[in-house]
Amino acid sequence: MAEYRAQEIEKKWQAYWSENGTYSTPNTSDRPKYYVLDMFPYPSGAGLHVGHPLGYIASDIVSRYKRLKGFNVLHPMGFDSFGLPAEQYAIQTGQHPAKTTAENIARYKEQLKGIGFCFDWDREVQTSSPDYYHWTQWIFMELFDSWYNQDSDKAEPIATLVAKLEKGGNADLQAVCDEDTPLLTAAEWVAMNEVAQQNFLLKYRLTFLKDTIVNYCPALGTVLANDEVKDGVSERGGHPVIRKNMKQWSMRITAYADRLLKGLDTIDWPDPLKEMQRNWIGKSFGAEFAFPVENSEVTIPVFTTRIDTVYGVSYLALAPESELVEQLVTEDQKAAIAEYVEVAKNRSERDRMADVKTVTGCFTGAYAINPFNQEKIPIWVADYVLAGYGTGAVMAVPGHDERDHRFAKHFDLPIIEVVSGGNIEEEAWVSWDHEIVNSGMLDGLKPKKAIEKAITWLEEQGLGTGKINYRMRDAVFTRQRYWGEPLPVYFKDGVPYLMKASELPLTLPEVDKYLPTENGDPPLGHAEGWKTTDGHPYELSTMPGWAGSSWYYFRYMDPKNDKAFVDADVQKYWESVDLYIGGSEHATGHLLYSRFWCKFLKDRGYVTVEEPFKKLVNQGMIQGRSNFVYREKGTNRFVSYGLRKEYKTSPMHVDVALVSNDELNVEEFKKWRPDLADAEFVLEEGIYKCGAEVEKMSKSKFNVVNPDDIIGRYGADTLRMYEMFLGPIEQSKPWNTNGIDGVFKFLRKFWNLFHAGDQFNVSDKEATKEELKVLHGTLKKTEEDIEKLSFNTTVAQFMICANELTGLKCDKRAVLEPLVIALSPFAPHITEELWHLLGHQTSVTTVDFPSWDKSYLEEDTFEYPVSVNGKTRTKLSFPVDASKEDIISAVLEDETVLKWTEGKAPKKTIVVPKRIINVVI
């Protein structure tokens, strides 16, 4: 048997690919294009574990396969290299984040190259590189210099808005802008000074500065997005997060809400992910009107999708952050309200939306008047109301809304029936089919008709209007940290201005501390001379982590261009990403922001596509398989798994590297930690058996498996094929190193098909019919399964193929050479070596995928089960094109059939082609 030296072969071919630019991709070609992209990684200090490459391997297989099918394939890789971990490390150690990031990237690249990916490394991008964030800053400037014209339904240069204001003011302007934008005439606009005009334009710009309620993390010294906060603490580090009103830069993503919704119908994405985006955008149609406050000039605006239930309002609820709270609270309720608001507003919006069981609230002491029936209703503060959705106030209808019902029950507030058909004392009754009751002019109507009538009445009375609302808010765009893209903005007279495009990039300055300044400014406040040549101060905040990843798919097309973020002709050739692979956790972050920026860039004429990613696949997670030892309580004695119930033990995670097939290496275990040096063991049958459990792969559970270790033992091709063999790409599955031997044995068996003893041996003899059937069946399934991204079944087919050809003792070039090509997307190293041994001087990546011929898969004969009176008595083979008459004649002459018919003439003989034969006597 020939020795398969995986590591030696893999190093050889990785060096060959690098030296020969095998995966270098031209920007023009007569071939059709195909763009495959992975969500690029943040380069953490821990490097890769075996779970990380799962999606990369899948995309690599598709990329290699598409090359073989005649496509010009773009398959790049880079690094989302701005991030909090490097900055936190800088705070702890003083080491510049750039140094830490560079070291981490070098480690990642070493590991990625070791797995044999066909990335075009000449196109590598790093978001923290000035030549990259030059263009992130440029896009920010374009957003700042744009407004959304609802008449043309797209973004336009701010100059066109100024021209409209100069000509006719904004009374007839159809534009997306701040809710509090005042109406003005052309004369009033012209009469404004520059500061006033610039502040007014901020109400229209697609990136703008305004007071915003944000998630602020004092420990990290920065603002966090909603998806970076969980259970009131930062997702990274678990630090407390408070809700705070701060002046922040935001992106007016709400201008694109409807287009983002409609665009979901044009892309091939998983339905659950599209539904997550639909829910996040949250489009709803309803009415907006105001409740006047009793004995006050104040009114409380509300938005509701169920104005048909307005006669059932028994209280109003305000968000804890609402500015109206301080205006409305009575003297005797001030202390209680202050205490409640302080606690409630510091819970993240996600927590408040998710926690439906906890009911909290506080009465303001004030009352409002229902404009439909003049009833007086109490005004409460409740944390289930969100400041950013709608108006930050809710007209509560406990009879017909579940949360309002729980609140009313808890605080003993009235529950009024206004939609017939339910038992509202027991639970909220929600119906669109039953009649409205107890509702004055709406009585007897079905809900939809009642909504129409109520909105018409509001508009006739001048009290409100019908309105489309979105749950999605404008995206906070700045972070109070150092390690991020500087904003290309300076301030003059307190007004933000853009620096000149010719001055980009605005690079990060050196600072002596990475913490906020003593007066609370972001870390850039430590930088000396952080201002323009005219002495105007630059913005101190930096961009968020999602800025650089919102457009990187375009930069890969033209990464060395210093004149534009992408050349127009190059972008027109590559268009957009054909296949994007990554995690579903980015549904309402990166994936939404990328779609927003892509649509904006199309509006402004810089790209030709509306959507960045045509097809998206969410790869599942490879989970860890943890091992446990069982320590007898109060001792340093460890009891084997099968005996643990006979002692009082507690489980303890153990490093999986110390375990093989659940058997603990007790000597290595003693060396693992100083406190275990004198450990004692209670063994079963002379060994220590560990327990096992499937959990998330993490360092704290000691179940992280380093791909370098797997490659060192089995080779990269084995790792690649095993990760695909674990199960469907979209599903999560546990890693189990014990199962990898089967894949390694397959590769060794495949290698030996080409060898006789230690010698390479392939015959030019003609292939047999059986061998060709195995070959073409494998080619067919490989092609069909890769197209379906069903990689696990392809690996299984290759294993079956190798077993069958080994059984046939096949050594034919006509069979083995096409199989080398077919296997190459999965196992590129071994196939390059075999291709070379077969006498080829060029890479296997340069040839065409072999076609399969269905004629080799068609059977010439069929073996029929033959029954006599319904019981199978024998099997007989006949040509598939044999007539029924010929089959019947042969069956009745068969000795076995004659035995069971006992010489009697059959009443009839039934032949079902390619199924059965039944003789009835």
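1. Glu 771 is buried in this predicted model, with a relative accessibility of 2%. Its side chain meets that of Lys 812 in a salt bridge, at 3.0 Å from N to O. The two partners come from distant parts of the chain, 41 residues apart: Glu 771 belongs to helix H23 (residues 769–787), and Lys 812 to the loop between helix H24 (791–807) and helix H25 (813–823). Lys 812 is buried too, its relative accessible area being 10%. Since the cut-off for burial is under 20%, both Lys 812 and Glu 771 fall below it.

2. A second pair to check is Glu 611 with Lys 599, whose side chains form a salt bridge of 2.9 Å, N to O. Lys 599 sits in helix H18 and Glu 611 in the loop between helix H18 (590–603) and strand S21 (616–618), so the bridge ties together parts 12 residues apart in sequence. Lys 599 has a relative accessible area of 0% and is buried; Glu 611, at 8%, also counts as buried. The pair belongs to a network of salt bridges that links Arg 259, Arg 595, Lys 599, Asp 603, Glu 610 and Glu 611.

3. The structure holds 48 salt bridges. One of them joins the side chains of Lys 247 and Asp 211, at 3.6 Å from N to O. Lys 247 is in strand S9 (residues 242–251) and Asp 211 in strand S5 (residues 207–217), so this bridge connects parts that lie 36 residues apart in sequence. Is Lys 247 buried or exposed? With 53% relative accessibility, Lys 247 counts as exposed.

4. Asn 618 is in strand S21 and is buried, at 12% relative accessibility. A polar atom of the Asn 618 side chain lies 3.0 Å from the backbone oxygen of Gly 582. Beyond residues up to four places away in sequence, Asn 618 touches Pro 270, Leu 273, Gly 582, Gly 583, Ser 584, Ile 729 and Glu 730.

5. The C-alpha atoms of Gln 137 and Ala 547 are 9.2 Å apart, while the residues are separated by 410 positions in sequence.

6. The peptide bond between Leu 504 and Pro 505 is cis, with omega of about 0 degrees. Pro 505 is placed in the loop between S19 and helix H16 (552–555).

7. Which residues of helix H8 (residues 194–201) are buried? They are Gln 197, Gln 198, Phe 200 and Leu 201. Viewed down the axis of H8, the buried residues fall within an arc of 160 degrees, so they line one face of the helix. An α-helix has 3.6 residues a turn, so residues three or four places apart point the same way. The buried residues of H8 pack against helix H6 (158–168), helix H7 (186–191) and strand S19 (495–498). At the start of H8, a side-chain oxygen of Asn 193 comes to within 3.3 Å of the backbone nitrogen of Val 195.

8. Two non-glycine residues with positive phi deserve a look. Asn 661 has phi of about 50 degrees and lies in the loop between strand S25 (659–660) and strand S26 (663–664); at 48% relative accessibility, Asn 661 is partly exposed. Glu 685 has phi near 55 degrees and is located in the loop between strand S27 (680–682) and strand S28 (691–695). Glu 685 is exposed, with a relative accessible area of 85%.

9. Ile 910, Val 912 and Ile 916 make up a nonpolar patch on the surface, with about 200 Å² of accessible area together. Ile 916 is in strand S35 (residues 916–920) and is partly exposed, its relative accessible area being 42%.

Definitions and conventions:
Residues are numbered from 1 along each chain as its sequence is written. This is a predicted model: local features need pLDDT of at least 70, side-chain atom pairs count only at pLDDT 80 or more; totals for chains, interfaces and linings use all residues. Side-chain values use heavy atoms; hydrogens and water are left out. Patches are made of residues with over 30% relative accessible area and no salt bridge: like charges are joined within 9 Å, nonpolar side chains (Val, Leu, Ile, Met, Phe, Trp, Tyr) within 5 Å. Accessible areas come from the Shrake-Rupley method with a 1.4 Å probe; for residues, only the protein chains shown count as cover. A salt bridge is a side-chain nitrogen of Lys or Arg within 4 Å of a carboxyl oxygen of Asp or Glu. Helices (H or I, at least four residues) and strands (E, at least two) are DSSP runs, numbered from the N terminus. Buried means under 20% relative accessible area, exposed over 50%, partly exposed in between (1.4 Å probe, protein chains only). The arc is that of the directions from the helix axis to the C-beta atoms. Contact means heavy atoms within 4.5 Å. A polar contact is a pair of N or O atoms within 3.5 Å; within protein, one must be able to donate a hydrogen and the other to accept it, and residues adjacent in sequence count only if both atoms are side-chain atoms.
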